[in-house]
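Visitor: Hey, could you walk me through this one? I'm new to it.
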Amino acid sequence: MQSIINAAVINSEREKEMKCSMQNYEDDFDGQPRIVIIGCGGAGNNTINRLHNMGVSGAETIAINTDKQHLDMIQSDKRILIGKSLTKGLGAGGYPDVGRKAAEMARPTLETLLESVDLCFITAGMGGGTGTGSAPVVAQIAKDQGAIVVGMVSYPFDVEKARLIRAEDGLEAMAKSCDSVILLDNNRLKSFVPNLPLAQSFSVMDQLIGETVKGITETITEPSLINIDYADVRAIMSKGGVATMLVGESKQQNKAESVVRECLSNPMLDIDYRGATGALIHITGGSDLTLIESEEIASSLTYELDPHADVIWGARIRNDMEGKVRVLAIMTGVKNGDAIAQPKHPYRVRLEEMDQKIRAPKTPDVGRIKPRMPSAACDLASGPDIFYFK
Ligand SMILES: Nc1nc2c(ncn2[C@@H]2O[C@H](COP(=O)(O)OP(=O)(O)OP(=O)(O)O)[C@@H](O)[C@H]2O)c(=O)[nH]1
Ligand SMILES: [Mg+2]
């Protein structure tokens, strides 16, 4: 057996060299899908900037914004200012309707830009004007052109209050226009980076979205230990619905086990994904990463999924990952009952509960009432009108 293994290792090295020397074959048809990554609005543009600096082989980066000043600072393959006559290049001021109209006005440009795209990632922070309003329009245009469209959107921090409602509307619109929407909840960053200031927490999210898009793109476009090809991604991502993501990294000795533990304790959205019908698992490690470890990671992460779930996994070796392993897993087809997945306790529901509390007649603790007026003036049945509490 050992001699067969040795021969296989030598041959696989030889085949790698042969693949490189065969790359000029049929030059006019490279067989690669056209992949574009679009960032809409401020948050989306920041993620694109990060991605551009990280370098993604085989994908174009496009930044779209109504805010000229911000757009001018972004590095990407293409930059598009939308709704110039509507916003004068000053941003959508938190109004998703303005963002949506701006994207509609740029429809002809966007249609030309997205012609013949196979896979389109769209990233935006939900809750503002431009990203929330324009991302669903861009997604629909890409989908109408035949692309598989994957949204990667973030849900605002709880402190952003009113933006949460806009974000929930935006998420709903994205779910309609995209094949899959990966929702990342900014609030989950609190368990990863509890002591970072807000701006830097955003930056962690940009990095995370960037790494995921880069990871998926490069397992398609670059040779890997276990390849994920475009058809695989298409199969998983076209399942529809809101998806969630698990992330983990480990450099411990039992790295397969510890990375799975980290992934499972840190989902980027607080939802139950156990019945998910699809999973795309991307593993990156050093040359010490074995097939058994990769398989162990993939099978542990998918143990609780639907028995008919489509599971696709890919593994890449990187020189700078020696002794380490990093996992990004996307679970698609996640449902909360009949509804699409969303944060466990949406802000709209929380607001409703707060309103009800304010409206509900209070039953006063009569024993603690200290009347300051003649008792006849104190109508106990009138609930909130009683203000004689200690
Ligand atoms: N990941 C990330 N999220 C951000 C960043 N800045 C803001 N956000 C989040 O994204 C949401 C939308 O903010 P922006 O992207 O700045 O808004 P916009 O789409 O540019 O909208 P307008 O400025 O109103 O035109 C915010 O509510 C934040 O939750 C960032 O730099 N990175
Ligand atoms: Mg903005």
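Guide: Here is a short tour of the ligand site, some helix packing and the sheet.

Guide: This is a predicted model, where local features need pLDDT of at least 70, side-chain atom pairs count only at pLDDT 80 or more, and totals for chains, interfaces and linings use all residues. Residues are numbered from 1 along each chain as its sequence is written, while chains are lettered from A and ligands numbered from 1 in the order in which they are written.

Visitor: Okay, which residues come nearest to ligand 1?
Guide: Gly-41, Gly-42, Gly-125, Gly-128 and Gly-129 come nearest, out of 26 residues around ligand 1. A residue is near a molecule if its C-beta atom, placed from the backbone, lies within 6 Å of it.

Visitor: Which elements give two or more residues to that shell?
Guide: Helix H2 (41–54), helix H7 (130–144) and helix H10 (198–221) do. The largest share, four residues, is from H2. Helices (H or I, at least four residues) and strands (E, at least two) are DSSP runs, numbered from the N terminus.

Visitor: And how many of the shell residues are nonpolar, polar and charged?
Guide: Six are nonpolar, 16 polar and four charged. Ala, Val, Leu, Ile, Met, Phe, Trp, Tyr, Cys and Pro count as nonpolar, Asp, Glu, Lys and Arg as charged, and the others, Gly among them, as polar.

Visitor: Let's talk helices. At what angle do H2 and H7 cross?
Guide: Roughly 75°, and their axes come within 7 Å. Axes are lines fitted to C-alpha atoms, for helices over the stretch in contact, and angles run from 0 to 180 degrees between N-to-C directions. H2 and H7 are therefore roughly perpendicular to each other; angles under 35 degrees count as roughly parallel, over 145 as roughly antiparallel, 65 to 115 as roughly perpendicular and the rest as oblique.

Visitor: Which residues make that contact between H2 and H7?
Guide: Gly-41, Gly-42, Ala-43 and Gly-44 of H2, with Thr-130, Gly-131 and Ser-134 of H7. Two residues are in contact if their C-beta atoms, placed from the backbone, lie within 7 Å. By class, one is nonpolar, six are polar and none is charged.

Visitor: How do H2 and H10 pack?
Guide: At an angle of about 55°, with axes 9 Å apart, so H2 and H10 are oblique to each other. Among the residues that meet there are Ala-43 and Asn-46 in H2, and Phe-202 and Asp-206 in H10. This contact has six nonpolar, four polar and three charged residues.

Visitor: New topic: what order do the ten strands of the sheet come in?
Guide: S3-S2-S1-S4-S5-S6-S7-S10-S8-S9, in an open sheet with mixed pairing. Two strands pair if DSSP finds at least two bridges between them.

Visitor: Which strands stand at the edges?
Guide: Strand S3 (78–81) and strand S9 (310–317), each with a single partner strand, so one side of each has no neighbour in the sheet. From one strand to the next, the twist averages 20°.

Visitor: How many bridges join S2 to S3?
Guide: Four, and S2 (residues 59–65) runs parallel to S3. Take Ala-63: its bridge partner in S3 is Arg-79.
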